[in-house]
Amino acid sequence: MQRRTSLFRILGTALMAFAAVTSAQAQTDVHKQLSSDRFTIISPFPPGGPVDTLARVLSDGLAKRYGQAAVVENMAGAAGNIGMDKVKRAKGDGHTLLVVPAGNLTINPTLMPNFPFNVEKDFVPVTMLAKAPNVLVASPGAGIKTAKDLVAQAKAKPNTLSYASPGVGSGLHLAGELFKQQAGVDLLHVPYKGTGPALNDVLGGVVPLMFSNLPATLPFIKSGKLVALGVTEAKRSPVAPEIPTLSEQGIQGVNVTSWYGLLAPAGTPPAIAQQLAKDAAEILAQPDVSERLQAQGMTSAAMKPAEFAAAMRDETAVWAKIIKARNIVAE
């Protein structure tokens, strides 16, 4: 019995050593493969926004890690579909990557009747990169100080309050539709062509309400030109911890954040995706990068590929229900 126990221990130790060597060799092989060629990171929108910022942060980090050039290509057009198509057609070797906002992955597949991609089949999820909180704001002239005030006023006078959005089917439009559903109120939707025009009319008191990205509205909130009614996250934002969440005010289930993901073409090996997810997490955790993101109101949201895939599926299901229940059609 003692000999058998000793034999099992020796065998177990040998197997562990073999597994460690195999794992180290696999990691070396992945690193060698990623170091073999330049990186192309597609940002399917114009320069200057959060997608572009994240793409450039990632390109800088990957270039330093693998000793290869890492180029950002801004391929704007067709609501991001042009850039997505290039990545879809690329070789799945980890050298062509896509940085894209949530809406392209979780809203457009349901919203657009002729959406040209199958997100699950055409791309490999690598990681969520960063997220930014959204906030419900009101024009001071509306006389609404809290989300509870809004609900009370909306119920007292149905279909008299309106909210602005950057456009039909945008994430901020759907945030408003989700709010209406969860709060049991009717609000009129006023779509604009972009965040700028919508925000300008809320600042001017033309439209009383708007769901917006918190970083875009925070200066106006601090100056008193807008009233913050609540952030659409489960917890208060570290960017503005003084603003309560909607759930704190009794409106549950309106957890909507603006987030940005990293994807690779279909056929990218799991080991490559896992390594890139690890790389991205470490790049985003660097103090100078963290400060750069916080300046734009973003925080790192790095996760493993399987976790990211699950998060996308869950959010897609939520928006599909809202889009179908509200009969929302892309313009």
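Student: Is F117 buried or exposed?

Tutor: Burial is judged by relative accessible area, where buried means under 20%, exposed over 50% and partly exposed in between, with a 1.4 Å probe and protein chains only. In this predicted model, F117 has a relative accessible area of 9%, so F117 is buried. F115 has a relative accessibility of 12% and therefore also counts as buried.

Student: What should I know about the model before I read further?

Tutor: This is a predicted model in which local features need pLDDT of at least 70 and side-chain atom pairs count only at pLDDT 80 or more, whereas totals for chains, interfaces and linings use all residues. Residues are numbered from 1 along each chain as its sequence is written, and side-chain values use heavy atoms, with hydrogens and water left out.

Student: What is the mean pLDDT of the chain?

Tutor: The pLDDT is the predictor's confidence in each residue, from 0 to 100; the mean for the chain is 90, and 92% of its residues reach 70 or more. Over residues 17–23, however, the pLDDT is below 50, and this stretch has zero contacts in the model beyond near neighbours in sequence, a contact being heavy atoms within 4.5 Å.

Student: How many aromatic pairs does a search of the whole structure find?

Tutor: A pair of aromatic rings is described by the distance of the centres and the angle of the planes. Rings of Phe, Tyr and Trp (its six-membered ring) pair if their centres lie within 6.5 Å, and planes under 30 degrees apart count as stacked, over 60 as edge-to-face and the rest as tilted. The search of the whole structure finds six aromatic pairs. One of them joins F115 and F117, whose ring centres are 5.5 Å apart and whose planes stand at 75 degrees, so the pair is edge-to-face. Y163 and F211 also form an edge-to-face pair, with 6.4 Å centre to centre and 90 degrees between the planes.

Student: Where in the chain do Y163 and F211 lie?

Tutor: Helices (H or I, at least four residues) and strands (E, at least two) are DSSP runs numbered from the N terminus. Y163 is in strand β5 (residues 162–165) and F211 in strand β7 (residues 209–213), 48 residues apart, so that the pair links distant parts of the chain. Y163 is buried, with a relative accessible area of 0%, and F211 is buried at 1%.

Student: Which residues form one aromatic cluster?

Tutor: F115, F117 and F123 form one aromatic cluster.

Student: How do the axes of helix α2 and helix α12 cross?

Tutor: Axes are lines fitted to C-alpha atoms, for helices over the stretch in contact, and angles run from 0 to 180 degrees between N-to-C directions. The axes of α2 (residues 50–66) and α12 (residues 287–295) come within 11 Å and cross at roughly 175 degrees. Angles under 35 degrees count as roughly parallel, over 145 as roughly antiparallel, 65 to 115 as roughly perpendicular and the rest as oblique, and α2 is therefore roughly antiparallel to α12. In this contact, T53, L54, R56, V57 and D60 of α2 meet V289, R292 and L293 of α12.

Student: What is the phi of A79?

Tutor: Phi of A79 is near 55 degrees, a positive value in a residue other than glycine. A79 lies in the loop between β2 (70–74) and α3 (81–88), and A79 counts as partly exposed at 42% relative accessibility. N327, in the segment after α13 (305–325), likewise has a positive phi near 55 degrees, and N327 is exposed with a relative accessible area of 65%.
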